[in-house]
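Try each one yourself before you read the solution.

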There are 2 protein chains.
Amino acid sequence: MPKKYLIIGAGAIGTFYGSKLSQVGDQIIIWSRNDSEIIAKNGYKIKSYMGDYVFNPYLVIKNLHDLREDIDFIIVSTKVLPDIDIVGLISKVIKKNTAIIIIQNGIHIEKNIADKFSSNQIISALAFIGVSRTNPNEINHQEYGKLIFGNYNNIDSIAINYFANSLEKSGLEILLSSNILSERWKKLIWNGAFNPLSVVLGKKNTQQILENNLAIDLAKNIMQEIVMLAKHDGCKFENDIIDKNILATKKMLPYKTSMLLDFEANRPMEIQAIIGNAVKFAQSKSLSIPYLSTIYAIISNL
Amino acid sequence: MPKKYLIIGAGAIGTFYGSKLSQVGDQIIIWSRNDSEIIAKNGYKIKSYMGDYVFNPYLVIKNLHDLREDIDFIIVSTKVLPDIDIVGLISKVIKKNTAIIIIQNGIHIEKNIADKFSSNQIISALAFIGVSRTNPNEINHQEYGKLIFGNYNNIDSIAINYFANSLEKSGLEILLSSNILSERWKKLIWNGAFNPLSVVLGKKNTQQILENNLAIDLAKNIMQEIVMLAKHDGCKFENDIIDKNILATKKMLPYKTSMLLDFEANRPMEIQAIIGNAVKFAQSKSLSIPYLSTIYAIISNL
């Protein structure tokens, strides 16, 4: 039997994964305050390197209060920003058996949601994908697509297995992790360094950052602190993970981080999710993180 | 008998101190590549809160090679920038008995000059003054005027005493220090924090910096590292010097640092003098300075 998913945060990422679930028969409900008419009328044009298609949601709603259906899953794929009250939004629509799939960047970002909805299954997910919304109802999927996810609170293993099977059937690469916290710290090693540095070093892409030895040293020092924090959070990595991250970044095409794109477009940046929560964790454990805290102070002031 | 001074770096500060020496009978030679005609013709109009006057230099030269006179003092009052070859400039005009008065910001900025001219008297000076050049031949002296200076290499005590007496006669406040290195570190506690922070925290004046607790903590952490470096350089300060600096800054009118003014005007900043030399000193002693080195990496990339 198909399951019903509600997407809260129908940007490029949430819409794309919804569209793939729709391809294997699931029923996707899109919440869109501004573009519900055009989406309901024409669906989404998905341009994808895996093949183009049209995605017609099961339902498009303008207001969460309009939802009359019982939903099996909520996909949370907003940015993590202080003025987006995710818990409040979920509260309007969640039912006893609804599972929550959080596809967001950052560390410890599940906590608020898991604290409030402690008897609902929480699935924590990281997207490794190049995808952007090019028009209100047009998504461009340029590269990758892997979703790494894991059980956050062990409430309902059937839900997570169902989700995993659907995504796999759709042809996407998935990685079901038994330690999603470790995967988040691992991704943060890169994100916690290159995202803020791309902004504070004068709006530089990854290659421009790596042209300067002082900047490379700074990136490594930040990464070292993140590895140290991860260790205190029970997550250990191989010794050469920092050098590997730098080397892999050198081999990448020049890349503008999401923080830099947000900064240049005058949009709020995901500061708390990507650095603030790590700083908070360090404070709670009385750990010294001079590099991260300096970067945090600077980016919070921009 | 009057003495001859050559000003290398005839901006607001050098010209102002030259004009005061001229008032007590010394002969001031101005080197100006771009404005020598108007200065020779009309002199400088000095608007000063101590009383306005006209300053007619003894001589104005367009090219250092034109100088035929033996000079007693060279006042070096350029900015400290990598592409200003002070040693090369001094070499063109210095004589056996010429004393060099360095009126510049920063730490360890005398070294290059003292190494090269090791048998000339070096006087190291810090200006506490609000003065700006408002036109090619117009200087506006808004506030203060104190010059703190000291013997750098103990070659010629007569020269330094002559200079001190002349300035004192002119009505300026002077402070002849027996430990000018300590005075430089002391000034750097403030400059090394507020100058770069005013730039990297998104172009903020002193009050705007002090509105944010993360920024205050960061300023204090940087100051702590400077105090630590000073200690390793043989200079000790009272325990509450950092709190005093923050408090004094809170009481000041909102103030834009010289680095911020340079940055906003797209002029090169005095990065090496104000931070780079401190970082270099830390490296030479294998001292850890995560806050300063982070700020240094960032400002070097802007």
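**Exercise 1: Between the domains**

Domain 1 of chain A and domain 2 of chain A share 12 residue pairs in polar contact, both residues at pLDDT 80 or more; keep in mind that this is a predicted model.

Task: Find which strand gives the largest share of the side of domain 1 of chain A that touches domain 2 of chain A.

Solution: Start with the bounds, where the domain assignment gives domain 1 as 4-178 and domain 2 as 181-300. The contact draws on 18 residues from domain 1 of chain A and 17 residues from domain 2 of chain A. Strand S8 (residues 122-135) of chain A provides the largest share of the domain 1 side, 5 residues. By type, that side divides into 10 nonpolar, 6 polar and 2 charged residues.

**Exercise 2: A salt bridge**

Task: Decide why Lys79(A) and Asp262(A) count as a salt bridge.

Solution: First take the distance, 2.6 Å from N to O. The cut-off is 4 Å between a side-chain nitrogen of Lys or Arg and a carboxyl oxygen of Asp or Glu, so the pair qualifies. The count between the two domains of chain A is 2 salt bridges.

**Exercise 3: Between the chains**

Task: Work out which helix gives the most to the side of chain B that touches chain A.

Solution: Begin with the contact itself, where 19 residues of chain B meet 19 residues of chain A. The rule finds 4 residue pairs in polar contact across this interface. Helices H8 (213-232) and H12 (290-300) of chain B each supply at least two residues of the chain B side. H12(B) gives the most, with 9 residues.

Technical notes: Residues numbered from 1 in each chain as written. Chains lettered and ligands numbered in written order. Predicted model: local features only at pLDDT ≥ 70, side-chain atom pairs only at ≥ 80, totals over all residues. Heavy atoms only, no water. Contact = heavy atoms within 4.5 Å. Polar contact = N/O pair within 3.5 Å; in protein donor to acceptor, adjacent residues only side chain to side chain. Helix = DSSP H or I, 4+ residues; strand = E, 2+ residues; numbered from the N terminus. Domains from an automatic or database assignment. Nonpolar A, V, L, I, M, F, W, Y, C, P; charged D, E, K, R; others polar.
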